[in-house]
Amino acid sequence: MLQIDQLHFSIHSTPILQTLSFSLNAGEIVGFVGNNGAGKTTTLEILSQCIVPTSGSITWNGKDVWTADDYRRSMGYVPDRLPLYPNATVRENLLYTAKLRQLQNPQLRVDELIEEFQLSSVSRSPIRTLSKGWRQWTGIAQAWCHTPKLLLLDEPTSGLDPSGRQRFDSWLRTIRSEGTTVFFSSHILSEVEAVSDRVLWIEDGRLIEGNDVMWTIQCVVELPDSSINETLQNIDGVTDIQIDGTCISLSCHPNIRPKVAQSLVEFGLLEMRRIR
Amino acid sequence: MSLRLIQTIGRWTFAEFFRSWIGWISLMGFALLNGLTLSMMLWETSNPLLAGQGVELHRVLLPKYFSTMNLLLLMIIPALTMNSISGEQVSHRLRLYQTAPLSSATVVLGKALGIAYFLGVLLLSSFPLIGMLNWHADLEWTRWILGYVGTGLAGSLFITLGIWSSAHSRKPLTSWFLATSTVLCLWFVGAAQGFPILEALSPLPKVQEYLDGWVGLLDTFYFFSLGAFFLYHAQDGLSAKRHLSGRSWDVRLTPTLWLVVLLMGNILVSRYDRYWDHNDTRPFLSEESLYLLWNEGNLLELVIDLEESDFRYRQITNHLRTIELSGLETPVTWLSASDRPPSKERGVTLILKNEGQEDRTLLLTSLYPEDFYAGLKQLLDPRKKYLCFTQNGGEPSLFDGTSPNGFGLLTEELLRLNYAIHIIDPRKKIDQPCDLIVVAGRQTPINDEWLDTHLEARSAILLLDPATVGISESWLNQSGVQTKDDFIIEVNPNFQVYGNPTTLLLSQYALRQHPTLALANQSLLLSEVRSVSMIEDNTQTLTVELLHASPQSWAETNYSSDTPSPDDADIVGNVPILVEVSSLQSGTPTPKMMVMGTSSLIQNSWVEQNPHNARVFIQMLQNLLRDTRPIPDTPRDTKIQMTTAEVRNSAFFSILLVPGLIGILGVWRRTDG
């Protein structure tokens with residue numbers, strides 16, 4: 001669906017992204033994790049066409065995104081700083097976006113969005129008067145306005161409370177089931193892994209990849225059970241499983257981690273971190 | 001690029017102004033300043049100086065009002081446009097446009113449209129003031145509409161320039177600074193006379209043509225082409241915001257190439273420039289041309305060789321109509337197809353008949369007013385009169401049209417009337433032709449012999465400042481004129497201006513009956529005047545006192561006193577100001593010299609307030625040059641004159657009521673929202 005090849009970006013000969021290559025397939029949720037300054041936001045800005053890369057190619061269904069007519073129509077983007085007008089209300093902001101997106105019936109679509117994201121209590125309030133969480137939901141609704149096939153999200157859960165995060169995870173799973181591809185960044189590993197089909201790791205502008213890379217991971221669960229060992233052994237690529245009460249350690253490839261996290265959810269996964 | 005999207009962005013941009021206080025404050029501030037300037041202009045109409053005259057509505061007040069409005073827009077618009085692109089970038093909202101299926105051109109045009117809507121509202125806020133003017137005087141609707149069109153076009157140009165600077169700046173403040181400085185530069189280079197390229201670049205002369213009631217093809221082309229250039233370059237700047245790592249030089253050079261194309265386009269269009277004049281009764285020919293025709297019209301003949309299908313046919317019929325309306329009977333011959341020599345270029349041939357000499361002819365192929373005037377001038381120029389000025393040692397204040405003491409405004413009028421002007425230095429030989437010498441407020445002494453030698457051959461006007469030491473008293477006495485180191489004090493408030501006893505208002509009552517000089521219903525305004533009286537026992541000349549102050553006036557010699565009062569040393573009552581000296585050598589009196597006790601008559605500050613000062617000076621010139629040509633009067637205009645109470649009411653309306661209502665509406669809308 002979206003193919004990124006040898007993406008390179010530098011400012012005044014300082015490299016920010018180096019030879020970044022990956023692909024996003026239809027209907028999958030891909031997490032994008034890295035430390036601050038690793039290049040997550042820059043990658044998303046390039047994919048959303050806010051920045052032109054120095055070199056490399058990005059193709060959408062086989063066509064270059066800069067020339068593909070339908071790419072921007074099929075893509076939605078929630079940046080880290082939301083493009084909302086503070087003096088306009090939630091409804092006005094959404095309606096403006098719907099009109100910019102040339103939707104057939106913008107009013108109707110805005111009503112749907114307000115209902116879908118439970119914004120009716122704040123729909124007539126100016127953005128400047130809202131809490132960060134409400135603004136974040138408005139920003140997500142804004143990006144979802146034209147029901148894009150590809151949704152790019154930069155730190156989408158910042159500002160959301162725990163229940164809000166749960167609602168967000170559940171919403172992501174729903175849109176995935178409807179065929180939407182989601183690519184989202186975060187620096188909180190457990191949050192990404194709980195919902196992603198796979199995770200891409202970025203460090204100093206490069207993706208960490210290769211089958212020989214193995215990480216040692218430590219997890220803490222709330223409801224330890226004798227079946228944990230069996231569950232983990234059933235996941236291909238997981239080795240060196242050691243269970244000590246509620247604490248579990250294991251070795252696996254970084255790409256396997258989401259599966260590990262998802263399998264431990266039923267045991268009440270509380271914490272998951274990389275030891276080495 | 002979709003028009004619907006442009007409209008969507010435009011409406012949103014417009015609405016954004018009113019979602020915060022910015023829009024309301026700008027609107028109220030504009031209305032307030034606009035009302036203030038109009039009130040100040042109207043206050044002038046109640047000036048006692050203008051007793052019975054009023055201010056010309058369409059020629060003076062309206063263009064001045066719209067010019068000020070343009071200056072206000074020039075200051076306001078960069079502040080309105082600074083956020084259009086760079087503000088969106090700083091607040092990260094540019095991503096909304098960058099990720100949507102929109103072109104940069106759509107965004108730029110939408111933003112421009114939104115600010116243009118706001119400009120429309122700003123202009124709309126001035127409508128009540130125009131309505132108020134119409135209430136007091138009969139406004140020509142075409143004139144104020146053209147005023148708004150010109151102002152709207154200039155405002156739109158400022159908007160495109162503001163968006164251009166915003167698209168090329170990273171911070172709104174930088175954008176504001178760039179836009180304001182560029183607009184100011186563009187505007188004021190238009191005032192630089194003698195630099196055609198600068199004038200071509202500036203919107204100032206174009207706007208002035210609109211304000212004068214003319215719509216020119218070049219002016220319109222200028223606004224659209226320069227506006228398009230700024231918008232094109234703005235969308236280029238917006239696209240460049242995606243290129244954080246910089247763009248190549250060839251891309252940056254493209255706008256420069258466009259600018260060159262634009263300038264060439266303007267030059268090309270100027271060759272085929274045409275005007276639309278809203279008023280068919282207005283003389284299409286310039287006053288300068290008419291003046292030449294009045295002088296030489298009986299010796300001139302026009303041979304017209306044009307077909308009706310030729311666009312110049314309409315031009316020449318327009319010129320002929322103007323000539324006819326001016327009461328001139330210039331002979332005209334229309335050539336038919338059979339009369340026409342086969343290879344001759346078509347146009348209008350001007351033929352100047354010279355008695356006893358061969359006729360001089362000139363074929364005009366371009367008949368635009370300025371070309372017609374140039375042709376007339378080329379034929380008739382040798383007949384112009386030469387004026388030699390000397391003032392402070394030959395300093396060029398004669399061409400200074402801005403400082404209060406300069407004579408630039410008079411000079412413009414003299415050149416318009418086809419007089420040639422030289423500045424001479426009395427310490428040197430006069431090389432130029434010279435029909436008349438004007439000594440105006442000269443402070444460096446002039447040698448008596450020099451005066452004798454040069455005035456023997458020609459006549460002179462002497463304008464004496466109170467501080468003048470340029471001409472010796474003994475020489476003046478010998479010529480039949482007496483001056484004193486004094487100031488005229490006018491105590492009659494009816495003949496003072498601004499309550500100042502040294503600023504005199506003189507009307508027909510003060511002028512002795514004279515064959516050339518006349519004030520009719522006009523007035524003269526003079527400041528810091530010294531007495532100039534005649535010496536009766538001079539038998540060589542005939543001296544006549546022509547102008548005097550009121551019977552209550554006196555010429556105070558002890559003017560440094562705190563309590564000046566008339567005494568024996570002073571001339572008391574009807575103090576003379578202007579003296580004419582005529583030679584009796586030929587038997588009949590021939591005017592040779594006129595001496596006035598002040599040079600304020602022709603100083604910019606007074607000529608600007610009272611153009612009739614310059615007219616009286618021209619009458620003095622004509623008297624001495626024995627020039628019987630009529631001074632062409634400017635076309636008649638509606639005049640507006642208001643009483644103090646009416647001015648007060650209009651000030652209340654324009655300074656308090658209109659801005660106040662806008663403010664109340666703003667508060668209501670904001671609190672309601």
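Two residues are in contact here if their C-beta atoms, placed from the backbone, lie within 7 Å.

**View 1. The two chains of the predicted model and the range of their contacts.** In chain A, 71% of the contacts between residues at least 6 apart in sequence join residues at least 24 apart, and in chain B residues 24 or more positions apart account for 76% of the contacts with a separation of 6 or more. The secondary structure of chain A comes to nine helices and 14 strands, while that of chain B comes to 22 helices and 23 strands. Of the 276 residues of chain A, 45% are counted as buried; for chain B, with its 673 residues, the buried share is 40%.

**View 2. The contact between chain A and chain B.** Chain A contributes 24 residues to this contact and chain B contributes 19 residues. On the side of chain A that touches chain B, at least two residues each are supplied by β1 (2-11), α2 (71-74), β6 (75-78) and α3 (90-100) of chain A, and the largest share, four residues, comes from α3(A). Sorted by residue class, that side of chain A divides into 12 nonpolar, seven polar and five charged residues.

**View 3. The largest nonpolar core and the surroundings of B:V108.** This core has 150 residues, and those with the most contacts inside it are A:L94, A:A141 and A:L152 from chain A together with B:V108, B:F158, B:I163 and B:A234 from chain B. Helix α8 (residues 141-167) of chain B gives the most to this core, with 12 residues. Once the neighbours within four places in sequence are left aside, B:V108 is in contact with B:I163, B:A167, B:L231, B:A234, B:Q235 and B:L238. A second, separate core of 80 residues includes B:L367, B:A510, B:A549 and B:M620.

**View 4. An open sheet of four strands in chain A.** The strands follow the order β12-β13-β11-β14 (chain A), and their pairing is antiparallel. The edges are taken by β12 (239-244) and β14 (269-274) of chain A, each of which has a single partner strand, so one side of each is left without a neighbour in the sheet. Neighbouring strands of this sheet are turned by 15° against each other on average, direction ignored. Between β12(A) and strand β13 (residues 247-252) of chain A, the antiparallel pairing extends over four bridges, and A:I243 stands opposite A:I248 in β13(A). In general, strands of a sheet pair through backbone hydrogen bonds, in either a parallel or an antiparallel sense.

**View 5. Helix α2 (residues 21-45) of chain B, with its buried residues.** At 1.5 Å a residue, the 25 residues of this helix should span 36 Å, and the end C-alpha atoms are 36 Å apart, which agrees with that expectation. The buried residues of α2(B) are B:G23, B:L27, B:M28, B:F30, B:A31, B:N34, B:G35, B:T37, B:L38, B:L42 and B:T45.

**View 6. B:I130 in helix α7 (residues 127-136) of chain B.** B:I130 has 20 other C-beta atoms within 10 Å and is therefore buried, since a residue counts as buried if 20 or more such atoms lie within that distance. Along the chain, B:I130 and B:W144 are 14 residues apart, and their C-alpha atoms are separated by 7.9 Å.

Terms used. Residues are numbered from 1 along each chain as its sequence is written. Chains are lettered from A and ligands numbered from 1 in the order in which they are written. This is a predicted model: local features need pLDDT of at least 70, side-chain atom pairs count only at pLDDT 80 or more; totals for chains, interfaces and linings use all residues. The expected span of a helix is 1.5 Å times one less than its number of residues. A residue is buried if 20 or more other C-beta atoms lie within 10 Å of its own, exposed if 12 or fewer, and partly exposed in between; C-beta atoms are placed from the backbone. Ala, Val, Leu, Ile, Met, Phe, Trp, Tyr, Cys and Pro count as nonpolar, Asp, Glu, Lys and Arg as charged, and the others, Gly among them, as polar. A nonpolar core is a set of buried Ala, Val, Leu, Ile, Met, Phe, Trp, Tyr and Cys residues joined through C-beta atoms within 7 Å. Two strands pair if DSSP finds at least two bridges between them. Axes are lines fitted to C-alpha atoms, for helices over the stretch in contact, and angles run from 0 to 180 degrees between N-to-C directions.
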